[in-house]
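I opened my notebook to write down a few things I wanted to look up. Come along and follow each entry in the viewer.

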Amino acid sequence: MCPDGARAVLVVDDGTVLPVDVPPTHDVPAVVAAVVGTAADRVGPDALRAVTVDVSAMLLDAVVRAETSLPEVAVVRIVPRPAGDPELARSPARLVERLISHRWTVAGGHDLLGNELRPLDEACLVAVCAELVATDVRHLAVVAAGSQGRPEHERAVADAVQAAVPGARISAASDFGGQGLIAREATVVLDCTLGQLTDALLTTWEAALDQHAPGVPLRVARGDGGFSTPSRVRALPSVTLGAADAAELRGAAHVARHEDCRVLLRRPDGQVAGDVRRGLPVVRSAQLVELGTALVVPTAVLAPEPGGADGGEVLRVTDVPLVVVDGPPFERVCVGAATSQPTGWVDEIAYIESAEHLAGARREAEERAAAMVTANGAAPGTSYLIESSIVAVPYSPSGTVRIRVRVAGASEVPAAAVPEPAGSAA
Amino acid sequence: MSTAQAGTTGGYLGAISSISADDVPALYQGAKFYSPAVGEADKSALTAWLAGLLDRNGPVALRRPEAMPPDTRCVSLCVIGSGSAMADLPPSGDEFQLAVQRIEQLQGQPFGAVYPLAAATVSALVPVVAAAQLGVPLLDADGMGRTYALIHHTSMYLAGLSPAPLVAHGPTGESVLIEVTIGPRADRLLRANVDTLGGWAALAAYPTTAGALRRAALPGTVSRLLNVGRLLLERPTPDVLVARLAAINGCSRIGRGRIVELEHLSRPNDVTVPGHPSSLVLEESDGQRRQLRLELRSEIVAVFADGRLVAAAPDLLSLFDVSRGEIASLDSLEPGDLLDVLVTPADAVWYSAEGMAMVGLGSHGIGLDHPRRR
């Protein structure tokens, strides 16, 4: 779904991509009706298994164009003391900072290993709540130093604000984990401001599905190349950011029939390249180019590729097949979204003292990622590990490691148990 | 804009006379090359902070120690602790300035210049921050020419200068003053305090004079770092990059391969040294198809090819992600990444008997002769 309208393709279980004859339109019921009609005509009655929608381009467009319909956000940073330099007091990303109407710092926070650096300043929190009540801002992003491991201070602030402003939408950074206070702050600010728009978009799609294909589930494409359920995305809209890039990589690999490849994508600012491994785009918690700041939700890694235009010389080195895409991206994005799986991601700091402790920390992270995958729509028991890496954190106390785990699952029972032809659309 | 004075008044290739906001991206890239410990989590905040300071206060003058009056008092600066901790607990902004001023108060004399304790990692950026805040020049010299684990692993210490008195000022607003007579004691005393200060701190150490630094510091390392950073910003192909780096700092490529394994606690652990031993295994994707095994601490300390030691500390060992065209940081490695393993000779002092004893393979528990000595 793009600002110029929604389009769709149908992907059959055998991987065949069927076009859906509908022009770009904001008439979502018309798109869904066309999908249902195509599925019935080309695959069979009741063949449509699911619809996956990518709303990331709509959300990003709203942020970039500074749509007035996006609510302003107040930010509470919980750190031992406030920033004294103006650059350190705000987000380095202009697009993020302009969403923020009020900022407060409350003394508190923990270090990366969970040690409290300051008790939460309760008196300051009371004053902040009083000031917040006096404004008309009802969207609050809360980020605390060390909240990935110890969310207590964030929760205390969220509870106090909820009590003072019962209708407030509150996004807390500990819901996302990840590294870096500024990246975590940007993620929750976007999460907070995009909630209403995300809800409106998903409600439209759910209503259209109810009308034309009752019982067919709606899935929402994520920035890591997977999908999640509408309820999860309503709670954490930021997980959709970057979904179009990830889906396009996956879709290009699917069309080219490569499990492992490098895909060259055309962008207005030049060509970029991304990798696909085992059918999934390579992702990191990294900077989303359009926003100018890092986020802690994983997105496709896209590197500038100055060569390779029009199939010419490629300057970056790769030892996997190169896929040079052509034409508008929408079909690849739709294919990538339709063929996606439920996914989960954990990125955290842990402290280990022995090989046994390390194995336990890894196992626990993998189990949590598997639980996330189930929450994102995977059938129980279908989750499997995509990537698991543990690296020592340089210049930290010996034993400090960063654990990253990526898990995927299947949304259905295995295909062999579903006898009728089936398809899914995006 | 800064001024490049290749081979003229600076006396060495690519000497730079000032650092402006325009130079910050190159400074960051060069800092990544000289230490693969630099991650991306705090990049945008740190570079915005430094660029903002340089915009408001004007460019920082970069001076060789020889260009300063010999009695000019100088103090080194670095970030002690982890970049990850700093990313999660960003500076308030006054930590480095206050660390310097605390030593000034103690000694009753102002400093006329600052210099990097290690021109690499975020420690390459923060002396520029302090210079901009204090309105003093930055010396084009440092104590490591890369990074080593402990604060007495410096050319100043090898030359007989004391790191003390030193001050660590934390993001919590608290600070620690350490006065010792035996250099290595300073690091031991400091580490425990750094953890309590939040995992990182602004460190001001090695107060001395420009005259002393003429013989004790490694000259030209800030200019060198900036030149490397400018090259990296051009995002050349891997082959062009290595060829051009060779002209700047003698860099060469050991091999290219995909990560197939990350191992932890793979060697005996010394808990007094930050970062724990781990290993990285790459399968070479071309050439001799060797297996490259990299031994890591907070830096890469050794590279074995099919079991044979081919490069080792104090060599600077770096990883270049050839798919993305950028230096790979140790905290972002994942199986499947395609990397060039690069080796750059360290500054000559580190190959002396004293330097090798301090930062060579033996200091990492690997009892093998350095490849350059065979």
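Which residue stands opposite Glu387(A) in β19(A)? I found that Arg406(A) is the one facing Glu387(A).

A note to myself before going on: this is a predicted model, where local features need pLDDT of at least 70 and side-chain atom pairs count only at pLDDT 80 or more, while totals for chains, interfaces and linings use all residues. Residues are numbered from 1 along each chain as its sequence is written, and chains are lettered from A and ligands numbered from 1 in the order in which they are written.

**Entry: a sheet in chain A**

I looked up the strands (DSSP runs of E, at least two residues, numbered from the N terminus). Three of them form an open sheet in chain A, in the order β17-β19-β18, with antiparallel pairing. Two strands pair if DSSP finds at least two bridges between them. I marked β17 (343-351) and β18 (384-392) of chain A as the edge strands, since each pairs on one side only.

Then I checked the bridges. β17(A) and β19(A) are joined by nine, and β18(A) is joined to β19 (residues 400-408) of chain A by eight. Along the way I saw that Asp347(A) stands opposite Arg404(A) in β19(A).

**Entry: is β19(A) buried or exposed?**

Nine of the nine residues of β19(A) are buried, so this strand is largely enclosed by the rest of the structure. Buried means that 20 or more other C-beta atoms, placed from the backbone, lie within 10 Å of the residue's own. Both faces are covered: one side has buried residues including Thr400(A) and Arg402(A), and the other has buried ones including Val401(A) and Ile403(A).

**Entry: two helices in chain B**

Helices here are DSSP runs of H or I, at least four residues. I found that the axes of α4 (residues 95-107) and α5 (residues 126-134) of chain B come within 8 Å and cross at roughly 70°. Axes are lines fitted to C-alpha atoms, for helices over the stretch in contact, and angles run from 0 to 180 degrees between N-to-C directions. α4(B) and α5(B) are therefore roughly perpendicular (65 to 115 degrees) to each other.

Which residues of α4(B) meet α5(B)? I listed Phe96(B), Gln97(B) and Val100(B); their partners in α5(B) include Val126(B) and Leu134(B).

**Entry: where the chains touch**

I looked up the contact (C-beta atoms, placed from the backbone, within 7 Å). Chain B gives 56 residues and chain A gives 56 residues.

Key
Two residues are in contact if their C-beta atoms, placed from the backbone, lie within 7 Å. Angles under 35 degrees count as roughly parallel, over 145 as roughly antiparallel, 65 to 115 as roughly perpendicular and the rest as oblique. A residue is buried if 20 or more other C-beta atoms lie within 10 Å of its own, exposed if 12 or fewer, and partly exposed in between; C-beta atoms are placed from the backbone.
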